[in-house]
Amino acid sequence: MPEKPIFFVLAYYYFTRIPDPHQEVLAHKEFFNNRQLTSRIYISEQGINGQMSGIREDAEAYMRWMHANPLFEKVVFKIHTHHENVFPRQTIKYRPQLVALDEEVDLEETGEHVSPEKWKEMLENEKKPLVLDVRNEYEWQVGRFEGAECPPCETFREFKQYAEELKEKVDPQSTPVMMYCTGGIRCELYSSLLRKQGFKDVYQLDGGIINYGLKQGSDHWLGKLFVFDDRLTVPISADSTPVIGKCHHCQTPIEAYYNCANMDCNHLFLCCPTCLQHYSGCCQSSCQTAPRVRPYHQQDAHKPFRKWYHYFKETPAK
């Protein structure tokens, strides 16, 4: 039997002034043409924020192509392997904001980058700083660092208000903050925002949780890592970790995410197999009788972020 191809999953970002981001979008699309690559890549005047996957040869060619461009020669790629592409299509777009914070921040005033090794040491210090998770609530529900402060924010925009609330809870001048996110880009912006709000000592995990898992394993980590692709959750390393996610309906420990089968809801939630069947893939009883409900038989092979027309096309007419 022929060997199965190895797919690389790349995560990366880089802040740099891009004079013509629309041209960079076109250049990316031309490179991706006729290659087995899928992606979710955003480019702006600020830089690039990318996730992509492809067979190893094409992914390696992409990394070489990027490093040959003076704009992106210093991009650091974090690499995982998988058995297939993890995005449903190639998405390469211009976006005015790489991350939607809706706040002007000075990227020269970010927090101190802390290596995974140093981060682990700081976590093990008796007087460790406040550990702050700057991801959305549905992300940290399935995995987080031990003892982390986890804000109840559903979008990154809400973290602007949370910064104000944090100032009321702790003294920004005397409270060091260690922050982390999936790959590091949200910390670049949020650490700058905290410093703008008067926080004196701000540290950010270099390369995010992904880099920590690659370099330090799962020490001090609980559960799985939420990712914005068809995998939804992944272990950060080969080390075993306790399950901390809980079924939305019955609170059974679980790590499987689903989008609500009611396409006008599409709420992302953790669910055990029993409740998934009982509620026909929905997050609540009222969604089961909604006008546009994804066929339940699709749930077993369900992948996220599908629009209604996808199921309409695939479901045979009665």
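**A walk through the labels**

Guide: Let's begin at Y190: setting aside neighbours within four places in sequence, Y190 is in contact with L132, V134, F156, F159, K160, Y162, A163 and M179. Contact here means heavy atoms within 4.5 Å. Please keep in mind that this is a predicted model, in which local features need pLDDT of at least 70 and side-chain atom pairs count only at pLDDT 80 or more, while totals for chains, interfaces and linings use all residues. Residues are numbered from 1 along each chain as its sequence is written, and side-chain values use heavy atoms, leaving out hydrogens and water.

Visitor: Which residues have the most contacts inside the largest nonpolar core?

Guide: Y190 is one of them, together with L132, V134, M179 and L194, in a core of 26 residues. The name "nonpolar core" is used for a set of buried Ala, Val, Leu, Ile, Met, Phe, Trp, Tyr and Cys residues joined through side-chain atoms within 4.5 Å. Strand 1 (7-15), helix 5, strand 9 and helix 6 (185-196) each give two or more residues to this core, and helix 6 supplies the largest share, 6 residues. A second, separate core has 22 residues, including A11, V114, A148 and W221. In soluble globular proteins, nonpolar side chains tend to be buried together.

Visitor: What makes C271 count as buried or exposed?

Guide: The scale is relative accessible area: under 20% is buried, over 50% is exposed, and partly exposed lies in between (1.4 Å probe, protein chains only). C271 has 1% relative accessibility, so C271 counts as buried. C250, with a relative accessible area of 36%, is partly exposed.

Visitor: How do you know how many disulfides the structure holds?

Guide: The structure holds 0 disulfides. A disulfide is a pair of cysteine sulfur atoms within 2.5 Å. For C250, the nearest cysteine sulfur belongs to C275 and is 3.7 Å away, and C250 is in no disulfide. For C271, the closest cysteine sulfur is in C247 at 4.3 Å, which is too far for a bond.

Visitor: Why is the meeting of R157 and D102 called a salt bridge?

Guide: The test is a side-chain nitrogen of Lys or Arg within 4 Å of a carboxyl oxygen of Asp or Glu. R157 and D102 come to 2.6 Å, N to O, so their pair passes that test. R157 is in the loop between strand 8 (143-145) and helix 5 (159-169), and D102 is in the loop between strand 5 (90-94) and strand 6, so the pair ties together parts that are 55 residues apart in sequence. R157 is partly exposed at 44%, and D102 is partly exposed at 39%. Side chains of opposite charge can pair when their charged atoms come close.

Visitor: How many salt bridges are there in the whole structure?

Guide: A search finds 13. Among them is E149 with K169, at 2.8 Å from N to O; K169 is exposed at 53%, whereas E149 is partly exposed at 22%. K224 and E255 form another, their closest N and O atoms being 3.1 Å apart. K224 is partly exposed at 23%, while E255 is buried at 17%.

Visitor: What makes strand 9 and strand 10 partners?

Guide: Two strands pair if DSSP finds at least two bridges between them. Strand 9 (residues 177-180) and strand 10 (residues 202-205) are joined by 3 bridges and run parallel, so they pair. M178 has Y203 as its bridge partner, and V177 has V202. Strand 7 and strand 9 also pair in the parallel sense, over 4 bridges, with V131 partnered by M178. The helix and strand numbers count DSSP runs from the N terminus: helices are H or I of at least four residues, strands E of at least two.

Visitor: Which strands stand at the edges of the sheet?

Guide: The open sheet has 4 strands in the order 6-10-9-7, with parallel pairing. Strand 6 (112-114) and strand 7 (130-133) are at the edges, each with a single partner strand, so one side of each is left without a neighbour in the sheet.

Visitor: Where do the side chains of strand 9 point?

Guide: V177 and M179 point one way, M178 and Y180 the other way, and all are buried.
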